[in-house]
Amino acid sequence: MRTTTLEFTMSLAQQPQEQEKLVNLEKQGKNKPSPKGGKGCGSGGVVVDKKKYTVKKRPPPKSVPQRPNDIYISDRSNFKAQISKCQKLFESGDFSEIFLHGIGSSIPRAVNVALELKTFYQGTIDYSVNTSTIQLIDDLIPLDDTTPPSQQSRKVSCVDIRVFRTVKIP
Amino acid sequence: MEVDETVESLGVRNFLAARIQEINSLSNQISTSGIPASKGLAFQHVPKHMRRRAVSHNPKRLPKRLQGIHRHQVEKSSGSSVIKKAKKPSRRHRRRPSNLTEEYNRRQREHKWLETHIWHAKRFHILNKWGYRIPKEPTAKGYRAGYRAASQFCAMRDISYYSCFELEGNFQLISSKISTSFAPTEVNPLSLSSEMYKSGKREGTFHFYRSGSYPFGYVGRVRFYWKMDQSSLFLWVHPAQKDEILNEICAEFELMSKQNLVFRRPEKDKDEPMDTASDETEISEEIPKDYDDAHIDRKLLPKKLCHRPKWINYSTNVILTDLEGVFNRFRLYGPLATQTLKEVFQVLSPAKLEKDISNNDNINKQFWWLNYYQDKQEVLTKQCELWEKLKSFSQIPCHSVIPLTLNDPRISIPNKTDPVVKKKAKPVVESFDDVGPLLDQLQSEAVDYPILNEKTRTKAIDERMSQEEFNKRQSQLLIPGSKLNLGVEENQVPIILIHRPNTASTRFKNGGWDIVLPAGWAMPIWIALVYRCVRVLGLRESETFESESGSSVHSNEDGFLPPDSLSGEKEADGRLSDLQINYFKYPPAKRPNFIKLGCPFPFKIDWRSLLKFGSAKNTVDIDSFYIMRNPFFLEALRNTLSSSNKNTIFNQDPSNPEHLLIEICLTIVGKGSIGPGAIVCIPHETDIVQMNNKVDEVNDNLEEPVGDDASAHKKREDLRNTRDRMKSFMQKKRKKLRKKNCNGQPIDLTPFSSDKLQVINSAINSLWLPDSEQILKNMSRTPIGAIVFGRETYSIAKCSGIGYCTFNGLKEWFNACAKCDWNPRKLILVRDCRNSLVYRFAKLEICV
């Protein structure tokens, strides 16, 4: 299920404040002990008996095949590399808009990429942000013979940022 | 006329005998061997007008009556090649289908072919391994392309060389015996009878140890799944470990072999006699005793699909069947794998079944699916629903076994290659439906998977329309290239899809699907997949993917067989001999001098000497060693090494710590590369300090001093001189002998043959090989382990490798790090001994 909570466009006036906020978020994100393997870290409020199960996260769903201008942001990749990937897409001339997708702990990273792109392109680019929730399922693998395998579902917040050119390039 | 009265009586017998003798001698004179050499050769007895010059090379120029003699004489005198051998049959004759089949069967006697062999033979370099011809790598070098395909698109491998066994019998008996004898709980926390595996809905793996030898006696990894009704267990075993596992299981369950023919020889050997008729009826009632599969069009493998070799225990009713060749298995990688499968596989729908039933008059006669699904239509509806809803790999619970019945994949093969990646992309990330409960229902309702049931499986293989027939039908279509509509005659294929989750979340995602299909159906499905642009990989990818995913203890592939198993030891020995032979082919000036390089293990890593070196008193002789596979222990070890917690696992030693190896994954920090045989060493404090001082550079001066080869060099020189002198001496002697011996009598040259020089040559060669114990002792940094496989890892853009460290060595290193804070990043040294003297820094990770 996908629940759209808010759809808002960051206005230029509000931008510096928001930037600070988001950079702080990112810092927070860095100090947090990174979750073991996996981007989405929301627990969804479910308690798993660690003596009975190991949690094996399934990869988050991606639409297949993907359009070239769909970029899934990961917390682990090099920040500069992600930005240059976006820049390449713009400079190739094929696309006037790209979509950045981030889940859970990679939301701050996605937002920072968008902001960085905006500062780089100095006003010729704007973004619009969608936030939503995605349901992820994990496998619970039993640690002993008597427990049956099961799965847990958790909701993770995700962000879709549409970065588009405001100035038309012939 | 006056009667001549000198002859009074005629002794008929005597007369006849004499006359017979005369006639015989006369005819002998005249016949083939009649003309003695002194009278002249055959071609000299040709009348003048028939004499020809060309007879010397063309005996057909002689009259027919003399050709035989001429041939005989020429052979006698010189045995020359005037006589043309029997003409090789023309290419066309050799390629006639029946002759071709015979030729292929003959070539398979020593090494078995996979069903897709011919396809691979045109595109791959093929190896002989484990009794099979296995495609190793594509002829077009494609390391990076293969990796790209497997990480971003879709790639596949034919792994049908894995052996499949079926163990029938009482569920409790089988699972308890296997769990207690072969699958110790420390290493395999989930037993065969656990809730997870016993329903047959999931495929499991367990580490197979020889009975009673844990922790030693590791054999290999075995994949298994139960049949839904728990009547039999299917085991998938690597071919290198097959014999060992077979022997162990037979010994444990007290099974006796039943005389059965494995392969039908093309020369039609006599069948070995079956056991008494009564046994036969007990076991395979449904398939008649004289069932002969000769009529089935199977070009490549004349397999006997029924009456497979069995091992039986009559008292406990346990039967082990060797199902080699009955199943094929393909392994798919890549995020597009699910989408590709959806394109290739059209699932049998209930609507089609109904149509077929109504079209088909005599249901009981034909077509396995009509009989089978007649009363199981709900299974088909569930199957269709599941297949429609399945959009992503992450919807399926891990390791699930999914039974499917497909329409003939040949029908929907596109005319041109139709890559999945070029399809129109969807703009929005959808949240996919939870398919778990639906799958559960399907698995429960399809109680008896058709492919696992011998009767239906054999029928499905039998009824496959031959490619020839299929092509004929296609050619008869009115509009060429349109979709063929076969109606009832369209084959349905029973398969199993096995889900394979990612083992490493941060590195290469090696998850995907395994397809298990019945024999004979490999090529249709293979071609269908190839036409969707699935990249085909070879055996070398099993190694590279294992190292990309960073661990071999709990990985999907069996890339390198671990050194504590017999099969791994054998592989290493094979590699040793190959490498050694190649080494000595180089001239001495081109060979890397392993003594100078300080390389203790140039060709094969001797774990025993490494363990001996690491043992407390350095005197313990290590006979056997083992690799830690207990997941809890490894997890604890990993936590200890990653945190600075001094309350460590090293406080309590595991059993036999001096025989223990731990698997590690090294990633090089900074410059340098590692390959197989690289030695892992503990750094000195000064090394780390030096490194830290240069902010981001790595110290290039960390070198091992050049080894001392002087004495060995001198010895080699001396031996070479001796050998050269001996050689020239022998030559002279032989020349003299030959000169002396003018009579033409055979001379005995053996006392002066150059074979005598072999002893010296081997002595020289052994002087090139390093003394590993000496070198380990004299190394400037303490060696604690070695790398088995290392190369450029694309998934992390660094050079990394997998190897093993001794437990004592790891303990030492950890204690050294914990004592003082000079090694906060916990770096370790590694040196690619076979190539260089320079030590490189690396990060160490325990493979869990």
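B:W119 and B:F124 are both buried, a word used here for a relative accessible area under 20%, with exposed meaning over 50% and partly exposed in between (1.4 Å probe, protein chains only). Welcome to a predicted model, in which local features need pLDDT of at least 70, side-chain atom pairs count only at pLDDT 80 or more, and totals for chains, interfaces and linings use all residues. Residues are numbered from 1 along each chain as its sequence is written, chains are lettered from A and ligands numbered from 1 in the order in which they are written, and side-chain values use heavy atoms, leaving out hydrogens and water.

**Aromatic pairs**

- Over all chains, the whole structure holds 38 aromatic pairs; rings of Phe, Tyr and Trp (its six-membered ring) pair if their centres lie within 6.5 Å, and planes under 30 degrees apart count as stacked, over 60 as edge-to-face and the rest as tilted.
- One of them joins A:F90 to A:Y121 edge-to-face, at 5.7 Å centre to centre with 70° between the planes.
- Because A:F90 sits in helix α2 (residues 79-91) of chain A and A:Y121 in helix α3 (residues 107-121) of chain A, this pair ties together parts 31 residues apart in sequence.
- A:F90 is buried at a relative accessible area of 2%, and A:Y121 also counts as buried at 15%.
- The rings of B:W119 and B:F124 have centres 6.5 Å apart and planes at 40°, so this pair is tilted.
- Ring pairs also link a cluster made of B:Y147, B:Y333, B:F508, B:F545 and B:Y794.

**Chain A overall**

- Chain A has 3 helices and 6 strands, which are DSSP runs numbered from the N terminus (helices H or I, at least four residues; strands E, at least two).
- Along the sequence, their order in chain A is β-α-β-β-α-β-α-β-β.
- Of the 170 residues in chain A, 42% are buried.
- Looking at contacts in chain A (heavy atoms within 4.5 Å) between residues at least 6 apart in sequence, 77% join residues at least 24 apart.
- Chain A exposes about 9700 Å², with carbon and sulfur atoms supplying 55% of that area; the areas come from the Shrake-Rupley method with a 1.4 Å probe.

**A helix pair in chain B**

- The axes of helix α12 (residues 350-359) of chain B and helix α14 (residues 377-389) of chain B come within 9 Å and cross at roughly 140°.
- α12(B) and α14(B) are therefore oblique to each other.
- Where do they meet? B:P350, B:L353 and B:E354 in α12(B) contact B:Q377, B:L380, B:T381 and B:C384 in α14(B).

Note on methods
Axes fitted to C-alpha atoms, helices over the stretch in contact; angles between N-to-C directions. Parallel < 35°, antiparallel > 145°, perpendicular 65-115°, else oblique.
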